[in-house]
Amino acid sequence: MNKNVQAIYEELSLTAGLTFIPKQGIAYGKFDSFNVIINGNNGTSPFTPLISFFASKEGEGVTAEECRNIRNGVDGIGDCKPNAEGIEITVCMCSGKDKFIGYCMDSLKTGAAFLKANGYKNACPGCNNDIDAFPRKIGGAYMMVCDECYKSAVERSKQLKLVDKKERSFLGVLGALIGSVIGAACIILLGHFGYVTAISGLVMAFATLLCYRLFSGKLTIRGGIISLIIMIIMTFAAHYVNYAFLYMAPKSLAEYTVWDAAMEMPTRYFDPGFREFRRRFFGYLWLLYLYVFVGCVPFIVSLFRKKRAENQIATLGKAEEE
Ligand SMILES: [Zn+2]
């Protein structure tokens with residue numbers, strides 16, 4: 001906001017009985033018993049500010065239909081929308097200082113009269129009480145929030161920061177590799193005794209993801225994807241070793257090792273005599289992958305739950321109304 005615009009906002013604030021904060025370019029205060037904010041740093045021009053009213057009616061919000069009717073016959077109102085905290089009016093574009101202040105006053109008076117006529121009361125978005133409030137930036141937007149609600153929002157975001165450890169990706173990858181080796185050992189050992197898939201697939205998923213989280217400090221979506229790639233490769237490798245043993249078994253030659261079997265298997269891929277062997281190899285491989293995926297599900301769920309918790313703190317007020 002430049003000096004000329006600031007001077008106009010000073011005059012507007014004086015006319016409306018509000019307090020102007022030049023640094024943020026917002027005016028705030030009580031207008032006709034409602035907590036309001038005029039945000040001049042909204043969008044393209046300071047002359048189309050956003051006027052927010054903080055109000056509620058027994059927990060009910062304003063409908064979009066009711067809002068549309070406010071505009072009828074009022075030149076100064078460009079748009080009016082309901083939101084979770086009350087209503088917001090975009091002032092119509094115009095030229096000239098006096099006309100601009102007139103438009104803003106029209107919007108303020110019309111908005112307050114509408115809310116009053118429809119039984120709405122001034123309300124803090126956090127506790128819904130008709131209480132003194134101050135402009136606070138919560139979840140990226142300025143809101144008129146009471147001291148008590150602001151304190152608890154700060155408290156909650158502090159708690160989140162404490163929980164929000166930094167992810168150490170390199171150590172995480174190391175952990176995921178160690179975990180996947182445990183999973184691979186499980187696939188090979190159980191495979192040796194003829195047990196296939198379910199348990200070893202679950203162990204692969206749990207060991208890899210848990211070790212990633214243990215080593216990195218936290219599991220993020222990025223860490224989950226890295227772990228998943230490691231799981232896919234290690235599961236294939238372990239399953240391949242199992243089948244190399246099966247491939248070797250009928251040969252019973254002293255000098256023929258698992259290594260030789262592993263090297264020879266791909267060369268027999270199109271061999272008609274090995275169609276059944278190939279079918280079983282891939283059949284059980286897909287089943288193994290399916291169980292690995294099932295093992296990942298609890299981690300995916302917890303990732304999304306954490307994301308939702310973060311969003312609730314960013315939009316104070318909505319969480320309590322739900
Ligand atoms: Zn409150």
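Reader: In which sense do strand E2 (residues 26-31) and E3 pair, and over how many bridges?
Author: This is a predicted model, in which local features need pLDDT of at least 70 and side-chain atom pairs count only at pLDDT 80 or more, while totals for chains, interfaces and linings use all residues. Residues are numbered from 1 along each chain as its sequence is written. Strands (E, at least two residues) and helices (H or I, at least four) are DSSP runs numbered from the N terminus, and two strands pair if DSSP finds at least two bridges between them. E2 and E3 pair in the antiparallel sense, over 6 bridges.

Reader: How many of the 6 residues of strand E3 are buried?
Author: A residue is buried if 20 or more other C-beta atoms, placed from the backbone, lie within 10 Å of its own. Phe34, Val36 and Ile38 point one way and Asn35, Ile37 and Asn39 the other, and all are buried. E3 (residues 34-39) is therefore largely enclosed by the rest of the structure, its buried residues numbering 6 of the 6.

Reader: How far apart are the end C-alpha atoms of helix H5?
Author: The expected span of a helix is 1.5 Å times one less than its number of residues. The 24 residues of H5 (residues 169-192) should therefore span 34 Å, which agrees with the distance between its end C-alpha atoms, 34 Å.

Key:
Buried ≥ 20, exposed ≤ 12 C-beta atoms within 10 Å, placed from the backbone.
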